[in-house]
Amino acid sequence: TIRPQTYSNVADNSGARESMRIRVPGASNRQYASIGDMIVAVVREAVPNMPPKGSEVVRAVIARTRKGLNRDNGMAIRFDDNAAVAIDREGNPKGTRVFGPVARESRECHFAKTVSSAPEVLRGIRRNRMMLR
Amino acid sequence: MASDSQAEDEEQEDALLSDEEEETEEEDEEDNVDVDVLSNEEIDALMKEYGNVVRSDPEPRKSSAEDANADAEALSMATALATAANEVKAVDIKLFHVKPLIYWARYFLIASAFSMPQVNAIVGRIEDIAQEQYGKIPRPSGKPSGWTLMDFDIYTAGDVVVHIFLPSQREFYNLEEFYANAPLVELPFVSESSSSSTARSDAEGESEEEMISLS
């Protein structure tokens, strides 16, 4: 879960490195944002000489969270960092490539473009859960 | 030793409930030898004897026959959509077979359009064809823009993903480079090449046989 003021890595080559979440657009007081949600964030750290400057407000899609998510087949997936991918208002990614794995839920939440530029889309480990008495 | 191993075995079977990925870490049931590995047949036998399926994967692995059907259907749909895009004068239409690279899609159809009204026309045309001939609706993915994406499912995974770009966006995102290892599928028509891509078509030798640049 990404709360206001949460820092997350920016997992693409848009030029921002770290961003801090401000809001979730579309809901007045929404506390939590998770994988696949769009957030409004301010760039806290940026690669020098690239478009996003520190303190520029951007939109981003959350690609990974430490909290992770649970899927209905019983699998849970958690990541080692919080990461987001910078997008523009229409949902197109600002950078050309995403770094690191993303969970496939971003696709189901309208952000299939992020998934298309990602090196690895995780569906987790496939395993039938069996119970033996 | 034998009864001990039986009890141990059942405890270890319960251990399968937890996140043990290695089912081979069990001790062998009929152990006269220090074998740490249960073969698949032995596990199946244990399952039959003791097991109870409580919950199964809602996305079961498809049998290879079903999968082959899905492949064929995806291919026919992808070529139909490519033809539809060609009718609306999209340029540089390429169909990549990405299934060996990605698990979540089988085919990527990439096309270029020169203006937003043309993008909208292509989107409309593709949606119509998909709906009429295959009964598929694209997954909602936002408004058409510089990069428009349409995601069609054949089974649970989206199988045909259509990307429509404005030429500048296509170069910017460069998906063809990212998926360069994906084999190109030959299309039944000759796709127009946009005039600005003649330089590129020289570089991408082997994939340009089907392209003719209009001069």
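This is a predicted model: local features need pLDDT of at least 70, side-chain atom pairs count only at pLDDT 80 or more; totals for chains, interfaces and linings use all residues.
The partner of Glu87(B) is Arg125(B), and the two form a salt bridge in which the closest N and O atoms are 2.5 Å apart. This pair links distant parts of the chain, with Glu87(B) sitting in helix H3 of chain B, residues 64-87, and Arg125(B) in helix H4 of chain B, residues 116-134, at a separation of 38 residues. Arg125(B), with a relative accessibility of 33%, also falls in the partly exposed class.

Chain B has a further arrangement to mention, namely a network of salt bridges that links Asp71(B), Lys99(B), Arg106(B) and Asp159(B). Over all chains, a search of the whole structure finds 9 salt bridges.

Turning to chain A, Arg64(A) and Asp81(A) meet through their side chains in a salt bridge with an N to O distance of 3.0 Å. Arg64(A) belongs to strand E4, residues 57-64, whereas Asp81(A) lies in the loop between strand E6 (76-77) and strand E7 (83-87), so the contact ties together parts of chain A that are 17 residues apart in sequence. Are these two residues buried or exposed? Arg64(A) has 8% relative accessibility and counts as buried, and Asp81(A), at 17%, counts as buried as well, because the limit for that class is under 20%.

Another salt bridge of chain A joins the side chains of Asp37(A) and Arg30(A), with 3.0 Å from N to O; here Arg30(A), at 36% relative accessibility, is partly exposed.

That brings me to strand E7(A), and to the question of why E7(A) is largely enclosed by the rest of the structure. The reason is that 5 of its 5 residues are buried. In a regular strand, side chains alternate between the two faces of the sheet. In E7(A), both faces are covered, with Ala83(A), Val85(A) and Ile87(A) buried on one side and Ala84(A) and Ala86(A) buried on the other.

As for its neighbours, E7(A) runs antiparallel to E4(A), to which it is joined by 5 bridges, and it pairs in the parallel sense with strand E1 of chain A, residues 7-10, over 2 bridges.

How values were computed
Residues are numbered from 1 along each chain as its sequence is written. Chains are lettered from A and ligands numbered from 1 in the order in which they are written. Side-chain values use heavy atoms; hydrogens and water are left out. A salt bridge is a side-chain nitrogen of Lys or Arg within 4 Å of a carboxyl oxygen of Asp or Glu. Buried means under 20% relative accessible area, exposed over 50%, partly exposed in between (1.4 Å probe, protein chains only). Helices (H or I, at least four residues) and strands (E, at least two) are DSSP runs, numbered from the N terminus. Two strands pair if DSSP finds at least two bridges between them.
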